[in-house]
Every structure is written in structure tokens, then in C-alpha cells.
Amino acid sequence: METLKETKTIEKSKATIKISGAEAIIHCLLAEGVDLLYGYPGGAIMPVYDELYKFQDKLTHILTRHEQGATHAAQGYARVTGKVGVAMATSGPGATNLVTGLADAQIDSTPMVCITGQVPRHLLGTDAFQETDIIGISTPVTKWNYQVTRAEEIPKILAKAFYIARSGRPGPVLVDITKNAQFEEINFSYEACIGVRSYNPYPKIDTTQVEAAAELINSAKKPFIVFGQGVILGEAEAQLKSLIEKTGIPAAWTILGVAALNSEHSLNVGMVGMHGNYAPNLLTNECDLLIAIGMRFDDRVTGNLDTYAKQAKIIHFDIDPAEINKNVKVDVAVLGNAKDTLNLLLPLVKDNKHQSWHNVFKEKYQIEFDTLINKDIHPTKEKLTMGEVIEQINQASNNSAVIVTDVGQHQMVACRYAKFNQTKSNITSGGLGTMGFALPAAIGAKMGAMDREVVAIIGDGGYQMTIQELGVIFQHNVPVKIVVLNNDHLGMVRQWQELFFEKRYASTVMVNPDFVKIAEGYHIKSKRVSKRSELKSTIEEMLASKDPYFLEVKVEKEDNVFPMIPSGASVSDIRLK
């Protein structure tokens, strides 16, 4: 059996060995530095799994309990490590079960390579057993996809797949490989991909645009920065910090950008968006210069585009030309990796404080704190709140945990109140809003960062969509911490029904099972908390544990998440209650 060291020698020398297409897939993964992947076997991918069996000492495969779980686990791994996540499945239903994770990774710019088996080439188009056109199905939700029908294509296509997935604005790639190609033999050699014709992932930076941006920044009286995940993907956290500290510009974040800047930084003014903080939302329509860095003006951030920042000049830093002027017309567009463009910008901007402008943010924050925040994290009412649970996790973890959230009220509360002191710490389904994301994503995140505490914050609805992945935690003893905030409702939908549908609670009440007994069935230590007197000590116990831990917290059933910008309203219409 060939060793990993020998595989890398093959890559360097471009020497050849004669192996099957299935074995070639394994060598390609090893050459790309993959040591962990998630998947589910089946007939059309079985030759690859047979080779995986032989390479267990070099390549760890995690059997998830559903193919969707494999994609979310790969996403969690990718988001916490910055590497390409890998998932694998068979043809037909196995392949189609990957689609939700692909769509999620596409809209959230997560680098991922999915490999699917396919029926033999001569059966394509015959409606053979477990045949689906996964290329046609996945085209709208992948950065690139390709169907391999001959073994000789495998090395070049997989090299291209990894390059496309990780380069420029990252995203998911799917490679579908027919069964005959897995059996065929080839003279294998591997050469990493360093470029693809007609694909330009790193646009040339126009320095005149950087200079124009600096001129606007230097002349602005009320500038405001909104930064997103592009800062993290571009490894530009240090440059962002230097920029705001030199210029004194208040900076707010999208939910995918949150951990790019320390939560306690004096110029960090909170979250923008539908359930973001009062000050940055309101003052978006009062600034004279809006500087967007690595964010895409999502509708949840902008609200009504007809009223969004119309008084301001707008600068947009982004690596993807397709995002420029897509939703918001900008005055200056700086294309390129955020690290590179901000490095060029920094010497051109002047030292400033903007203290009076920053004081306006402080005043608005105090209004929100007195009206909402203090009551959320230090409640006086009997029932526990989601906010106080997050605050206790902050304190017990010293703001150092990786927080993985699902989708719903708990997600917004966690994004509002979780505090972070290092990057790549907030993992959530942003653009697609995928319920069921958190549990498998937390598994992947923990496996990618075993030295960090990983806490999954999940609602009782989303938890039951991928609850079967507890089996992975049990089988592999993944020491992830799971916190289910149980309000016995689909909370976010219920909130909208209360506010906008005259309290007609259609299909939002959850009759839940005994979550503690289910976790105990997987031999995971479990507790349920419903009293404030038990919360702090139980969270401390959970985080001190070296093993997996499940905690169910019974919270107020009819709490709403505020502030809130009603759908279609202006950011100026943000409601505190």
C-alpha cells in the first residue's frame, strides 16, 4: 500500500503508477491535504469506499446518519479551519440529499468538495436504479460541477475542483463519478491546479479606486463601516482592526462577519440587520459615508432598498464583481481580497477619532440596553430567557467558545449576545437559513478544532431535523456541547404570527419528546434546566466536561426577539418592542 509520503512524491515528480479510478480518488484527496471527510456509502460509490477501507490510517471517514449531515459537518469543519470540507455520497437519493448543504455553502461562501457516485456510463439516461441527474439538479447551487465518465479524467478534475472551491470567493463544488470510471485503471499522476482558463478568482486591484476610497474616508464627518464574512475569508482581521483604530470609524457586522473583530473592541458597535442592534441600523440612514467590507448587502441587512443609506456615499470592498451594484448602487468599488485592498488603503487614510459621531452610537446603545438588553440577559421574570443562557455561556467560556447556531429565535439571540475574542468562532446558516444545520456543523467544527470549546445552540424545532447525528457524537466520542433552548414552539414563525397574523398560531406548537432520554440513549451525559438557580452551575459543569454533553434549557414560550425591522420596512423603522 502506498504511503501518504509517497503520494506527495508522486505529486512533486509527476511520476505515474497504475491504479483504479477509485484509488486515484483517494490519492487525489491525500495530495490535497485532506485527512477527514464525511459521507454515507451506497452502491454507486462503493468502489471508493472499498479503497477508503485500505487507507484508514491516513484518511478518516466519518459515517454521518444522513447525507445532509455530511454536508453540514463538512461546512462546520471548513468554517472553523479555513480548509476545504469534503463530503461523499452515492447516486440518486444519496446525491440529492446533499443539495441543501450545497445550497447553504453556496450562499454562505463555504469551500466544499462533494463527490458522488453515479451509475455506469452506458446506463446514463436510462432511468437506471438510483440514477438522478445530479449535475442538472446541483448546477444552481454549486460554484462548479462536473460529471466524470472516464477514469483518466479523475486527477485533473479533482485538482480543478479543489482549486475552484477554495480560490477567490469560496464555494461548493460537486464532482459526479460514474461507477465504470471508478473501476477502470489509469496511469495515475497528480498535479495541483493553479489556474483555470476564463476563471479569474482574484481580480486585479485598481489603485485609483483605493485612492478614491481613501479620499472619501478622509473627508467624511460621519463614516460608518459594515463588515462581513469576506474579512474572515480573506484573512483580513488585522487590517480591519488597524483601519478602524487609525480612522476612529464605528464598525458593525453582519452575522457571518461577527468574529472578525473582538466583541469587546471599543469601536465595535454591534450587528446590523433585521434583529441587529438599534444604533447601527438606525444610524445607517444618518451616516454620510457607508463603507461595506466583505459583505453583499443582503436583504436582511438593508431592509427596503428604496430607503437604504440614500443620504450617504457608499464604498464597497469585495472580491466578487457580481456583488458590485447588484443590490445597492455604490460610489466607489474596490475589487480584490480584503487583506490586499485594506493593506493598500491603510497608508492613505488619516488618523482620526470621530468622537462626537461615536458618542451618538453610545447614546443609541444605551437606549437599547435600558429597553431590551438588560432585561434579556438579566431578567427579573420567573421564566428563563434565551439571552441569559448565552450570557452565562460567555462568562463560563471567557468569550472563547466556538458558537454554532441553528436557525430561528435562538440564532438571532445568540448572534446578538454571544461574545467572541478570536476569529472563526461564529458558525451559522446565514443566507439560506437552514434548520437542522447546527448539530452536524458543530460536529465538523469540533473535529476541525479539537483544542477549542464548541457549543451548539439549537431550537427544539431545528434540533429534531438532524437529531440522528447524535449517533456520530456517540460513535466517535466527539466532545461537542449541545444546548437546546426549548420553548415548545417554532419560535420565529410564532413571533411573526403574533405580530403580523393576529396570533393565528398555525402549525407552530411543538409537542416534543423527552430530549434528555434521547441523548441518554446515545450515552451522552444530559441534563434539563428550568430554574435560574440551576443555570450557572450546570453551564459551568457542561463546559468543564471533557466528554459530549447535552443540556436542555426550558425557556419562556412567548418571548419575542427585538429589536426588529419588519419585512420590507426601512432600517429606520427598527422596533424596540
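A salt bridge is a side-chain nitrogen of Lys or Arg within 4 Å of a carboxyl oxygen of Asp or Glu. The model is predicted: local features need pLDDT of at least 70, side-chain atom pairs count only at pLDDT 80 or more, and totals for chains, interfaces and linings use all residues. Residues are numbered from 1 along each chain as its sequence is written, and side-chain values use heavy atoms, with hydrogens and water left out.

**Exercise 1.** Describe the salt bridge of Lys241 and Glu245.

*Solution.* 
- Step 1: Take the distance. The side chains of Lys241 and Glu245 meet at 3.1 Å, N to O.
- Step 2: Helices are DSSP runs of H or I, at least four residues, numbered from the N terminus.
- Step 3: Buried means under 20% relative accessible area, exposed over 50%, partly exposed in between (1.4 Å probe, protein chains only). Lys241 has 39% relative accessibility, so Lys241 counts as partly exposed. Glu245 has 39% too, so Glu245 is partly exposed.

**Exercise 2.** Are Glu368 and Arg416 buried or exposed, and what does their salt bridge tie together?

*Solution.* 
- Step 1: Take the distance. The closest N and O atoms of Glu368 and Arg416 are 2.7 Å apart.
- Step 2: Place each residue. Glu368 lies in helix H16 (residues 355–377) and Arg416 in helix H18 (residues 409–417), so the pair ties together parts that are 48 residues apart in sequence.

**Exercise 3.** Classify Arg300 and Asp299, then look at the salt bridges of the whole structure.

*Solution.* 
- Step 1: The side chains of Arg300 and Asp299 meet in a salt bridge at 3.2 Å, N to O.
- Step 2: Arg300 is at 41% relative accessibility, so Arg300 is partly exposed. Asp299 is at 47%, so Asp299 is partly exposed.
- Step 3: The structure holds 24 salt bridges. Arg169, Asp320, Glu323 and Lys326 are linked in a network of them.

**Exercise 4.** Which residues line the largest cavity?

*Solution.* 
- Step 1: Define the term. On a 1 Å grid over the protein atoms alone, a cavity is a set of points where a 1.4 Å probe fits but cannot get out; lining residues have an atom within 4 Å of a point.
- Step 2: Count. There is 1 cavity of 30 Å³ or more.
- Step 3: List the lining. Ile217, Asn218, Thr247, Lys350, Asn352 and His354 line the largest cavity.

Conventions. On a 1 Å grid over the protein atoms alone, a cavity is a set of points where a 1.4 Å probe fits but cannot get out, and a pocket is an open set with protein on both sides within 12 Å along at least five of seven lines; lining residues have an atom within 4 Å of a point. Grid points are joined across faces, edges and corners, and a volume is the space filled by probe spheres set on the points. Helices (H or I, at least four residues) and strands (E, at least two) are DSSP runs, numbered from the N terminus.
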